[in-house]
Amino acid sequence: MKGQPRRAPLVAEGVVRRFGGVVAVAGVSLSVPPGAVTGLVGANGAGKSTLFDCLSGAATPDAGRVLLSGRDVTTLPAHRRARLGLLRGFQQIAVFPGLTVGDNIRLGAEQAGRRRVADPVAATDQALRTLGLTHLRDHPATDLPTGTLRLVELGRALAAAPAVLLLDEPAAGLDRAETERLTALLRHLADDGLALLLVEHDRDLVDRIADRVCLMTNGQLLTPAAPVAAHGA
């Protein structure tokens, strides 16, 4: 019904991840609502990336649950979660340098499957337009600058029609102008309904883009997702 809040498409309930005797994630509960950017901050070693692995399917929690649109996906691998609408970007850029920009992005649409993307070509075109990369469609990815490659990687995720997007240090290696462009783009995607979870060491960037911020330390969330000041205020 119009006016009612939408259910968060990604929810973690008491997630625990251990490595031997070390508890990297200690009973974390977190929801990532649609139409908003949720920031996850904390020092190196706080458990942020391990939590991301549990959420994305790169790792299986030792306890707790991960729900995607109400479905328990705790034991599903990353590629299965991706087909259900959960996509992840990595700190280290992962593109195929021997392919063109368009082909890199089209891979995301094709891997998503017909259930999410009926027309990979149309999905690729839309992602290229959204990211301002249409003029580079036929350009090889091999010699593009870091900022552009970040957009190509993001485009591959967007072409898969995600409901949730997890981004780990998306501004790493970007200059100020590229960071500003990325910030505006992520804000636009969230305003358009996407659920975004962002790990980023640049706290100023997080405070400018995030609707709520969670602080993680020693594998725990010290605070629930706290709202930040309205953007543009």
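pLDDT is the predictor's confidence in each residue, from 0 to 100. The structure is a predicted model, in which local features need pLDDT of at least 70, side-chain atom pairs count only at pLDDT 80 or more, and totals for chains, interfaces and linings use all residues. Residues are numbered from 1 along each chain as its sequence is written, and side-chain values use heavy atoms, without hydrogens or water.

The chain averages a pLDDT of 90, and 93% of the residues score at least 70. Over residues 1-5 the pLDDT stays under 50.

The chain has 7 helices and 11 strands. These are DSSP runs numbered from the N terminus: H or I of at least four residues for helices, E of at least two for strands. Of the 233 residues, 50% count as buried, that is, under 20% relative accessible area with a 1.4 Å probe, protein chains only.

Helix 4 covers residues 120-131. Its 12 residues reach 16 Å from first C-alpha to last, close to the 16 Å expected (1.5 Å times one less than the number of residues). Pro120, Ala123, Thr124, Ala127, Leu128 and Leu131 of helix 4 are buried. They lie on the same side of helix 4, because they cover an arc of only 135 degrees around the axis, taken from the directions from the helix axis to the C-beta atoms. The buried residues of helix 4 pack against helix 3 (101-112), helix 5 (146-158) and helix 6 (176-191). Just after helix 4, Gly132 takes a positive phi of about 70 degrees.

Notes:
Contact = heavy atoms within 4.5 Å.
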